[in-house]
Amino acid sequence: EQTEEIRADADKTRMKIPPIFGIDAIHGHSLLNGAVIFPSQLAAACSWNPRLVEKMGEVTAREVNADGIDWVFSPVLCLGRDTRWGRVDETFGEDPFLTGKLGAAIVKGYEKDGLVAACLKHYIGYGASEAGRDYVYTEISAQTLWDTYLLPYEMGVKAGAATLMSSFNDISGVPGSANHYTMTEILKERWGHDGFIVSYWGAIEQ
């Protein structure tokens with residue numbers, strides 16, 4: 001009801017620009033009591049079943065959309081390679097290929113019926129945080145960037161993901177939210193992504 005009221009108000013403005021409502025929904029519409037809660041991405045990855053993960057996306061999209069929301073900040077395509085990092089359970093694990101396959105599957109599920117837009121996050125290298133500490137520096141060589149971290153995002157983009165979220169971290173000294181190489185040269189020019197990028201919470205300021 002609240003989202004419909006805000007949309008109606010926006011329609012009365014001069015420009016009539018509709019708002020976009022987004023929410024974290026990485027394992028179901030988990031911020032709403034009564035919604036279906038799925039296993040975490042790490043647990044879902046144990047199934048090795050892209051079709052099952054795609055179905056999770058379909059159900060989540062229906063429930064999120066029924067609640068007036070049209071954008072999910074999911075899937076998380078960071079790699080969980082350091083168990084000291086507190087967000088490993090949000091990932092599909094340590095393997096780039098499996099993460100890419102499952103990430104592409106859930107993107108297809110989210111966007112299958114045009115109910116919500118998916119958002120690949122956190123682009124890129126966030127899970128490589130130094131010493132497993134959250135929100136810190138990452139040192140990633142070009143070789144490792146291409147061999148390891150980019151593949152899941154490329155697969156997600158090719159699956160049709162409408163948006164991406166830039167990472168909080170810097171990459172070898174260049175902030176993820178102001179990285180021309182990763183966001184423009186790779187994402188836009190090489191991969192041809194025509195959607196938009198949203199910054200991670202507080203990333204620009206911090």
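A residue is called buried under 20% relative accessible area, exposed over 50% and partly exposed in between (1.4 Å probe, protein chains only). This is a predicted model, in which local features need pLDDT of at least 70 and side-chain atom pairs count only at pLDDT 80 or more, whereas totals for chains, interfaces and linings use all residues. Residues are numbered from 1 along each chain as its sequence is written, and side-chain values use heavy atoms, with hydrogens and water left out.

**Stop 1**

Select Gly100, which sits in helix α4. Helices (H or I, at least four residues) and strands (E, at least two) are DSSP runs, numbered from the N terminus. Gly100 has a relative accessible area of 0% and is therefore buried. Beyond its neighbours within four places in sequence, Gly100 is in contact with Pro152 and Met155; contact means heavy atoms within 4.5 Å. The C-alpha atoms of Gly100 and Met155 are 5.4 Å apart, although 55 residues separate the two in sequence.

Now extend the selection to α4 (residues 96-111) and α5 (residues 142-158), whose axes are 8 Å apart and which pack at an angle of about 20°. Axes are lines fitted to C-alpha atoms, for helices over the stretch in contact, and angles run from 0 to 180 degrees between N-to-C directions. The packing angle makes α4 roughly parallel to α5. In this scheme, angles under 35 degrees count as roughly parallel, over 145 as roughly antiparallel, 65 to 115 as roughly perpendicular and the rest as oblique.

The crossing of α4 with α5 is right-handed: a crossing is left-handed if the near helix is turned anticlockwise from the far one by less than a right angle, and right-handed if clockwise. On the α4 side, display Pro96, Phe97, Thr99, Gly100, Lys101, Ala104 and Val107; they meet Thr148, Leu151, Pro152, Met155 and Gly156 of α5. By class, this contact of α4 with α5 comprises 7 nonpolar, 4 polar and 1 charged residues. Here Ala, Val, Leu, Ile, Met, Phe, Trp, Tyr, Cys and Pro count as nonpolar, Asp, Glu, Lys and Arg as charged, and the others, Gly among them, as polar.

**Stop 2**

Next, select Glu54 in helix α3. Is Glu54 buried or exposed? With a relative accessible area of 19%, Glu54 is buried. Leaving aside neighbours within four places in sequence, Glu54 is in contact with Ala105, Ile106, Lys108 and Gly109.

The contact of α3 with α4 has 7 nonpolar, 3 polar and 3 charged residues.

**Stop 3: the pair α5/α6**

Move to α5 and α6, which pack at an angle of about 50° with their axes 12 Å apart. The two helices are therefore oblique to each other, and their crossing is right-handed. Leu145, Trp146, Leu150 and Val157 in α5 meet Tyr181, Thr182, Ile186, Leu187 and Arg190 in α6. This contact of α5 with α6 divides into 7 nonpolar, 1 polar and 1 charged residues.

**Stop 4: the nonpolar core**

Select Leu120, Tyr123, Ile124, Tyr153 and Trp191, the residues with the most contacts inside the largest nonpolar core, which has 53 residues. Such a core is a set of buried Ala, Val, Leu, Ile, Met, Phe, Trp, Tyr and Cys residues joined through side-chain atoms within 4.5 Å. Elements that each supply at least two residues of this core include α2 (41-45), β3 (119-123) and β4 (163-166).

**Stop 5: backbone features**

Select Ser74 and Pro75, joined by a cis peptide bond with omega of about 10°; Pro75 is in the loop between β2 and α4. A cis peptide bond also joins Lys121 and His122, with omega of about 0°, and His122 lies in strand β3. Most residues other than glycine have a negative phi, and most peptide bonds are trans.

Finally, select Lys16, in the loop between α1 and β1 (22-23). Lys16 is not a glycine, yet has a positive phi of about 55°; at 49% relative accessible area, Lys16 is partly exposed. Trp48, in the loop between α2 and α3, likewise has a positive phi of about 55° and is exposed at 63%.
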